Amino acid sequence: MGSSGSGKSTLLYAISGMDRLSGGQLFYKGKQSYGKTFSDGMLDIAHASEKELTCLRAQDFGFVFQRSHLVSSLTLEENIRMAGLICGSMSEKEIWEKTDVLIRQMGLEKAKDRLPAQVSGGEAQRAAVARAVIAAPGILLADEPTGALNKANTEEVLDLLTLLYAQGQSVLLVTHDREAALRGNRILYLEDGSIVGELELSPYRGKDREREQKLASWLEGFRW
């Protein structure tokens with residue numbers, strides 16, 4: 001969390017290698033080998049090649065944006081399946097099977113054969129989440145994933161992210177929304193590109209007045 005211009009989205013883009021750092025180092029230890037790694041298996045993303053970064057994003061990083069950014073000429077099912085093909089680590093049978101599982105998990109059975117322009121914003125964003133996790137990424141990076149959704153669709157997407165986390169998926173989320181922040185168990189506050197505060201919460205188990213008050217009190221310290 002943080003005010004506009006604090007560096008939240010820049011942090012996600014830097015981690016994923018979509019933005020290049022102007023200085024410093026950024027290390028990541030993933031499930032794959034990407035060539036130039038250190039003795040402990042860590043990859044310096046800041047100095048990785050474009051080929052290494054492409055492999056990293058295809059196999060180890062999932063990204064969900066504020067808008068779904070689905071391929072407009074492909075159905076929701078095809079958008080999800082395409083990401084599995086690009087990652088290159090699964091057989092065609094595995095891709096089809098996992099796509100079917102994700103479609104059911106995301107509640108997209110009735111919308112899977114429709115184009116992005118033919119579905120609601122919530123359905124499109126759920127498809128985007130499925131596309132981002134089909135390769136079982138080490139980290140799911142989410143940049144204001146509910147920012148363009150109404151309250152009902154926001155709840156649906158947050159429920160999905162919470163479920164994925166409960167199943168073992170690491171999620172790094174940027175948000176201005178307190179409801180979204182309440183789902184986190186570790187909240188970092190950014191200001192002018194630096195982390196100036198940290199709050200740890202227990203795993204989310206549903207609506208909790210005490211949890212809400214703890215977050216609200218903490219955010220008041222940053223004039224939120």
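Biologist: Before we start, how do the accessible areas here come about?

Modeller: Accessible areas come from the Shrake-Rupley method with a 1.4 Å probe. This is a predicted model, and on that basis the protein exposes about 11,900 Å². Carbon and sulfur atoms supply a share of that area, namely 50%.

Biologist: Nice! And what percentage of the residues count as buried?

Modeller: Here we need a cut-off: buried means under 20% relative accessible area. Applied to the 224 residues of the protein, it gives a buried share of 43%.

Biologist: Why can we call the protein as compact as a globular protein of its length?

Modeller: Let's start with the parts: the protein has eight helices and seven strands. For 224 residues the globule rule gives 17 Å, and the protein comes close to this, so it is as compact as a globular protein of that length, with a radius of gyration of 18 Å.

Biologist: What is the handedness of the crossover from S4 to S5?

Modeller: Strands S4 (residues 139-143) and S5 (residues 170-174) run parallel, joined by five bridges. Leu 141 of the pair stands opposite Leu 172 in S5. Between the two strands the chain passes through helix H6 (residues 151-166), and this β-α-β crossover is right-handed.

Note on methods
Residues are numbered from 1 along each chain as its sequence is written. This is a predicted model: local features need pLDDT of at least 70, side-chain atom pairs count only at pLDDT 80 or more; totals for chains, interfaces and linings use all residues. Side-chain values use heavy atoms; hydrogens and water are left out. Two strands pair if DSSP finds at least two bridges between them. Helices (H or I, at least four residues) and strands (E, at least two) are DSSP runs, numbered from the N terminus. A crossover is right-handed if, with the strands pointing away from the viewer, the path from the first strand over the helix to the second runs clockwise. The radius of gyration is taken over C-alpha atoms; the globule rule is 2.2 Å times the number of residues to the power 0.38. Buried means under 20% relative accessible area, exposed over 50%, partly exposed in between (1.4 Å probe, protein chains only).
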